[in-house]
Amino acid sequence: MQKILLYIILVVTLFVGCVSGNDVSRPTLAVTIEPYRYIVEAVAGEKWEVVSVVPKGNSPETFDPTPGQMMKLGKCEAYFLVGGLGFEESWVEKIKEVYPALPFVDTSSGILRVDDDPHLWTSPDNMVVIARNVCAALCRMDTCDATGYKARLQAIEKMIAATDTSIRRKLADASSRSFLVFHPSLTYFARLYGINQIVLEEHGKEPSAAHVKHVIDEARSRGVRNVLVQAEFDKNHAAVVARELNATLQTINPLSYDWHGEMLHIADCLNK
């Protein structure tokens, strides 16, 4: 019943949005999470407003949008998808039914996936591809401003290259080439920089006692010095493991809007 009500609300909102046409604000683009608002804003410039569907502090893998959040999509010119997130896969077809004219841009096009991990943006190499996909879509949507989008893309690519250089410099002094993380959010980061990610979470669920013991044994054998946990996750299991390993427990936030700053923060965490 709730889904039927949501569908009716969305249809009514679509109709109202079509007949109003008096909004003098900037045209709007939608993204799923904050790191994508960061990169889309950087390419799009001040001409566009960019909104995130998933609020700060929520996990996109378990998030369910409210009817109000869904209704706002009817006023957007395009939706830039991460690709592979549970929220997107669950809702994108329903959104398309209600908003058939809304263009969807798959920013993951051209990225080689690893273990079906959707955290593509945690690798600077991937972020370059994402930025290029955003730029290409904006150039198609707004050919008059294509020169501006391409110029901003070049500046972003330089920023990402500088971020990559800084990360490599920080990790060069790391005392261990392995780390433990509660949720497997750094698969692409670890792959790019040749370090080993050990995951505490068990198949997306709270780890069993047997799994925790196995993880502790592996982490100890690899000389793990740092245990990382995402800001939106419970720290209890990670804290227990960190004490067992005499390792440092540190909080990271891959969902942060400040992509550049967070990538450097993660590198700093792994260098302690």
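**Figure 1. Overall fold of the protein.** The protein's secondary structure comes to 10 helices and 8 strands. Here helices are DSSP runs of H or I with at least four residues, strands are runs of E with at least two, and both are numbered from the N terminus. The radius of gyration is 20 Å, close to the 19 Å that the globule rule gives for 272 residues, so the protein is as compact as a globular protein of that length. That radius is taken over C-alpha atoms, and the globule rule is 2.2 Å times the number of residues to the power 0.38. This is a predicted model, in which local features need pLDDT of at least 70 and side-chain atom pairs count only at pLDDT 80 or more, while totals for chains, interfaces and linings use all residues. Residues are numbered from 1 along each chain as its sequence is written, and side-chain values use heavy atoms, with hydrogens and water left out.

Figure 2. Along the principal axes, the C-alpha atoms fill a box of roughly 65 × 50 × 25 Å. Of the 272 residues, 48% count as buried. Buried means under 20% relative accessible area, exposed means over 50%, and partly exposed lies in between (1.4 Å probe, protein chains only). The accessible surface comes to about 13,400 Å². Carbon and sulfur atoms hold 53% of that surface. Areas come from the Shrake-Rupley method with a 1.4 Å probe. The protein has 28 positive and 33 negative side chains. Lys and Arg count as positive, Asp and Glu as negative; His and the chain ends are not counted. The centres of the two sets lie 4 Å apart, with each charge placed at NZ of Lys, CZ of Arg, CG of Asp or CD of Glu.

Figure 3. P35 sits in helix α2, which spans residues 34-44. P35 is buried, with a relative accessible area of 0%. Leaving aside neighbours within four places in sequence, P35 is in contact (heavy atoms within 4.5 Å) with W121, M127, P254, L255, S256 and Y257. V114 is 79 residues from P35 along the chain, and their C-alpha atoms are separated by 20 Å. Across the protein, among contacts between residues at least 6 apart in sequence, 63% join residues at least 24 apart.

**Figure 4. Close-up of the R37 and E41 pair.** A salt bridge joins the side chains of R37 and E41 (3.2 Å, N to O). The term means a side-chain nitrogen of Lys or Arg within 4 Å of a carboxyl oxygen of Asp or Glu. By this rule the count comes to 10 salt bridges. R37 and E41 both lie in helix α2, 4 residues apart, about one turn of the helix. E41 is partly exposed at 25% relative accessible area.

**Figure 5. Close-up of the D145 and K47 pair.** D145 and K47 form a salt bridge (3.7 Å, N to O). D145 lies in the loop between α5 (124-141) and α6 (146-171), and K47 in the loop between α2 and β2 (49-52), so the pair ties together parts that are 98 residues apart in sequence. D145 is partly exposed at 27% relative accessibility. K47 is also partly exposed, at 39%.

**Figure 6. Close-up of the D268 and K170 pair.** The side chains of D268 and K170 meet in a salt bridge (2.9 Å, N to O). This pair links distant parts of the chain: D268 in helix α10 (residues 259-269) and K170 in helix α6, 98 residues apart. D268 counts as partly exposed at 30% relative accessibility. K170 counts as partly exposed at 23%.
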